[in-house]
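Please keep the sequence and the model side by side while reading.

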Amino acid sequence: MQSSIVRGAVWLGIYLFFVLGPLLAMLLGDLPRPRDFWIELSAALGYAGLALMGLQFGLTARFRFVTAPWGEDVIYHFHRNISLVALALVIAHPVMIFAVQPDRLALLNFFDAPPAARWAALSTYSLIALVVMSLWRLKFRLSYEWWHGTHILLAVLAVAAGVVHMVLWGFYLSDPVKRAMWIGLALFWTALFVYVRVFRPLFVHRRPYRVTEVRRERGKSWTLVFKPEGHEGMHFRPGQFAWLSLWGGAFKLTQHPFSFSGSALAPGGQVEITIRELGDHTSRIGTVAVGSRMYMDGPYGAFTSGCPSDMHVLIAGGVGITPMMSMIRTLADAGDKRPVVLLYGSRDWESITFREEIEAIAPRLNLKVVHVLEKPDAGWQGEKGYIDADVFRRCVPPPYAEHEYFICGPDVMMDAVEKALAELGVPMARYHSERYNFV
Ligand SMILES: Cc1cc2nc3c(=O)[nH]c(=O)nc-3n(C[C@H](O)[C@H](O)[C@H](O)COP(=O)(O)OP(=O)(O)OC[C@H]3O[C@@H](n4cnc5c(N)ncnc54)[C@H](O)[C@@H]3O)c2cc1C
C-alpha cells in the first residue's frame, strides 16, 4: 500500500513535469520582446493545453507500471476529465486574445487567415468535436467502435494541428533550442502513439491463445477457455482483466476488456473469461468456435487484494460476478480458508451465473453465499430487492472496518453499496470497485 502511494506520487510528479516543464522552459534563455500580460497568459494557456493533449496518448498507452497504483478505471476517468481541462485551456487561448485585441477576430475567417491560424482552428474544432462526441456518445447513439475510431482520428488531428500552429506562429519558438524542445516533445507523443498502435499489438500478436472450450452459463453468459499457444501464458492476479480482440487480429483498433473468471493458479497458463451477451460484439459470443485463435493483452487492473484483512466480502451484481469467481476459484486452489462472504445480486434464481459451481466449491472454502434476488419466485425465503446497508447488517458480521470489500456490478448497485459501506464506517482504503463502463 505504502509503495503504491509512493509510486503514484512519483508518476504524478513526472506527469506535472511533462505538462509544466515545457511551458517553464520557454522562460529560460533569450526572451522575445515583452507583450501585453493577457497575450502572454493566453500563450501560456495554449502551450499548457497542447501539452495536456499530447500526454493523453501516454495515459491510454496501457503502461502497467503507470496504471498499477490507481487501476485502469481511475486512469480513464482522469483521461476524460483532464481533456475537459485541456479544452478549457485551448479555448481560453484565442478568447483571451480576441478580448484584448478584437481586430484579431479576423483570424476566424478560415479562408483569409494565415496558415498558422488555420491550423489553430483545425486543432480547436477537432478537440471540441472529440469532447462533444465523448460526453454524449450514448445520446448520439454512436456505436462504440465508430466512436472509438473517430476519437483516435480527432485526437491525432487536434494534437498534430496544434503543433503545426505553434511552430508556424513561432513567437517563442523562434529560438532554435526551444523549437527543438517542442518538436522533440511532439516526437515523444508520436512515439507513444506508435507504441500503442504498432509495437504493443505486435507483442500481443506473437503470444496468441487458442479457444479450447466454449461453455454456456446461466444469465445469458458464455465462458471461453483459452490455452496459450507457443508461450507460457500470462500471470494474473484474481480480479484483473485483459483486453480481448474478438474476431480480428491483435492490430484491431478496438479491443474489449473482460475480467478473468478462472483460477489464477490454473495449470498450463489456462485462462477463462466469462462474457454476458450485451451488444453487437458480445451477443455473438456463443458462436465462437472451439479451436479459434484469439489475442489477449493483459493482465491489467488494480481490483485485487491490497491490505491485510480478517475477511473478504465480495459484492457482485450480474456479470460483475466474474472477477469474484476468479477470487473464489483461486482461494479454493490455494487451500486458503480465510472467511469469505459473497453477496450476490441477480434478477431471479434461474439467471444466477455460476450458481451450481459456487454451491459445489463452497465446501472447499470458508464461504458464506447470500443471494439477493430482484424478482424472486413467490416461495423465496432469502434476501429480496437490492444489496444495501440492511443486507450488510443482516449478513456480514462486524467489525465492518476490518474486512476487505470488492464491489463489481451495475453502476446503481455500486453507488448504493459504496454509500452503504460509508454508512457502516468502512474506510475507503478497505474497498475496491471495478466499474465495467469506464468508457
Ligand atoms: C475492466 C472491465 C472488465 C469487464 N469484464 C467483463 C466480464 O468479465 N464479462 C462481461 O460480460 N463484460 C465485462 N466487461 C464489460 C464488457 O467489456 C462490455 O460489456 C463489452 O465490451 C460490450 O461490448 P459490445 O460491443 O457487445 O456492446 P456495446 O453495446 O457496443 O457496448 C455496451 C457498452 O460497453 C462498453 N464498451 C463497449 N465496447 C467497449 C470496448 N471496446 N472497450 C471498453 N468498453 C466498451 C461501453 O460502455 C458501451 O456503452 C468489462 C468491462 C470492463 C471495463
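In which loop is the place of Arg141? Arg141 sits in the loop between α5 (115–135) and α6 (144–169). The model is predicted, and in it the phi angle of Arg141 is near 55°, a positive value in a residue other than glycine.

For the overall layout, the domain assignment divides the chain into domain 1 (2–204), domain 2 (209–300) and domain 3 (312–434). By these bounds Arg141 belongs to the range of domain 1.

Consider next how domain 2 and domain 3 meet. Their centres, taken over C-alpha atoms, are separated by 24 Å. The contact involves 20 residues of domain 2 and 19 residues of domain 3, with heavy atoms within 4.5 Å as the criterion. Between them the two domains bury about 1,500 Å², and 52% of this lies on carbon and sulfur atoms. On the side of domain 2, the residues that lose the most area to domain 3 are Arg218, Ser261 and Arg276, which together account for 38% of what that side buries.

The ligand is surrounded by 26 residues, and the closest are Gln255, Pro257, Arg276, Asp280 and Thr282. Sorted by class, this shell holds 12 nonpolar, nine polar and five charged residues. Three strands, β3 (241–245), β4 (256–259) and β5 (271–276), each supply at least two residues of the shell. Of the contributors, β4 gives the most, with four residues.

A backbone N or O atom of Gln255 is 2.7 Å from a nitrogen atom of the ligand. For Pro257, a backbone N or O atom lies 2.7 Å from an oxygen atom of the ligand. A backbone N or O atom of His281 is 3.2 Å from an oxygen atom of the ligand. On its own the ligand has 880 Å² of accessible area, and the protein covers 90% of it.

Two cis peptide bonds remain to be described. One joins Gly298 and Pro299, with omega about -5°. Pro299 is found in strand β6, which spans residues 293–300. The other runs from Pro398 to Pro399, and here omega is near 5°. Where Pro299 is part of a strand, Pro399 lies in a loop, between α10 (389–395) and β11 (404–408).

To return to the ligand, Arg276 is the residue that links two parts of this account: Arg276 is listed among the closest residues to the ligand, and Arg276 is also one of the residues of domain 2 that lose the most area to domain 3.

Key
Residues are numbered from 1 along each chain as its sequence is written. This is a predicted model: local features need pLDDT of at least 70, side-chain atom pairs count only at pLDDT 80 or more; totals for chains, interfaces and linings use all residues. Side-chain values use heavy atoms; hydrogens and water are left out. A residue is near a molecule or strand if one of its heavy atoms lies within 4 Å of it. A polar contact is a pair of N or O atoms within 3.5 Å; within protein, one must be able to donate a hydrogen and the other to accept it, and residues adjacent in sequence count only if both atoms are side-chain atoms. Accessible areas come from the Shrake-Rupley method with a 1.4 Å probe; for residues, only the protein chains shown count as cover. Ala, Val, Leu, Ile, Met, Phe, Trp, Tyr, Cys and Pro count as nonpolar, Asp, Glu, Lys and Arg as charged, and the others, Gly among them, as polar. Domain bounds come from an automatic or database domain assignment. Buried area is the accessible area (1.4 Å probe) that two parts lose on being put together, summed over both.
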